Amino acid sequence: MLRNTVTVAIRDYSKGVQATILIKMPDYATPENFEAWRQESKIMTIEVLRHTIQDCRNAEKAMRGWNPVKEGFYSDQASTYGMELMRRGGKK
């Protein structure tokens with residue numbers, strides 16, 4: 001498999017249809033990612049923001065020493081959600 005790709009397999013055995021699609025996805029956070037996270041964070045509750053930030057921090061920690069680019073991706077994601085939490089007066 002190619003690096004930085006996601007494989008999506010579509011199968012409908014009743015019709016005998018099968019397809020595999022490779023989608024190129026960068027490991028690093030793009031400007032589009034930051035914008036999507038900012039928009040998504042605006043509709044999250046405080047509780048969901050806190051949970052999501054912790055989830056991102058756990059993923060960041062899991063990537064440490066293994067994939068520094070993905071570690072940075074999850075750090076950026078957590079920070080973006082954290083900024084929304086702080087904007088609302090919540091604490092990290």
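Is tryptophan 37 buried or exposed? Select tryptophan 37 and look: its relative accessibility is 6%, so this residue counts as buried. Keep in mind that the model is predicted.

**Stop 1: the aromatic pairs**

A search of the whole structure turns up three aromatic pairs. In this one, the ring centres are 5.3 Å apart and the planes meet at 80 degrees, so the arrangement is edge-to-face. The pair joins distant parts of the chain. Tryptophan 37 sits in helix 1, residues 31–42, while phenylalanine 73 sits in helix 3, and 36 residues separate them.

Now check phenylalanine 73 by itself. With a relative accessible area of 12%, phenylalanine 73 is buried.

Ring pairs tie Phe34, Trp37, Phe73 and Tyr74 into a cluster.

**Stop 2: lysine 70**

What lies over the face of phenylalanine 73? Select lysine 70. Lysine 70 is placed there, 4.2 Å from the ring centre.

Lysine 70 has a second contact to show. Its backbone nitrogen is reached by the side chain of asparagine 67, at 3.0 Å. Move to asparagine 67. This residue belongs to the loop between helix 2 (46–63) and helix 3 (68–87). Asparagine 67 has a relative accessible area of 11%, so it is buried.

**Stop 3: the nonpolar core**

Which residues make up the largest nonpolar core? Select Ala29, Trp37, Met44, Leu49, Ile53, Cys56, Phe73, Ala78, Tyr81 and Leu85, ten residues in all. Colour them by element of structure. Helix 2 and helix 3 are the elements that give two or more residues to this core. Helix 3 gives the most, with four residues. In soluble globular proteins, nonpolar side chains tend to be buried together.

**Stop 4: isoleucine 53**

Which residues does isoleucine 53 contact, leaving aside its neighbours within four places in sequence? Show Ala78, Tyr81, Gly82 and Leu85.

Key: Residues numbered from 1 in each chain as written. Predicted model: local features only at pLDDT ≥ 70, side-chain atom pairs only at ≥ 80, totals over all residues. Heavy atoms only, no water. Buried < 20%, exposed > 50% of the residue type's maximum accessible area, 1.4 Å probe, protein only. Polar contact = N/O pair within 3.5 Å; in protein donor to acceptor, adjacent residues only side chain to side chain. Phe/Tyr/Trp six-rings, centres within 6.5 Å; stacked < 30°, edge-to-face > 60°. Lys NZ or Arg CZ within 6 Å of the ring centre and 35° of its normal. Core = buried A, V, L, I, M, F, W, Y, C linked by side-chain atoms within 4.5 Å. Contact = heavy atoms within 4.5 Å.
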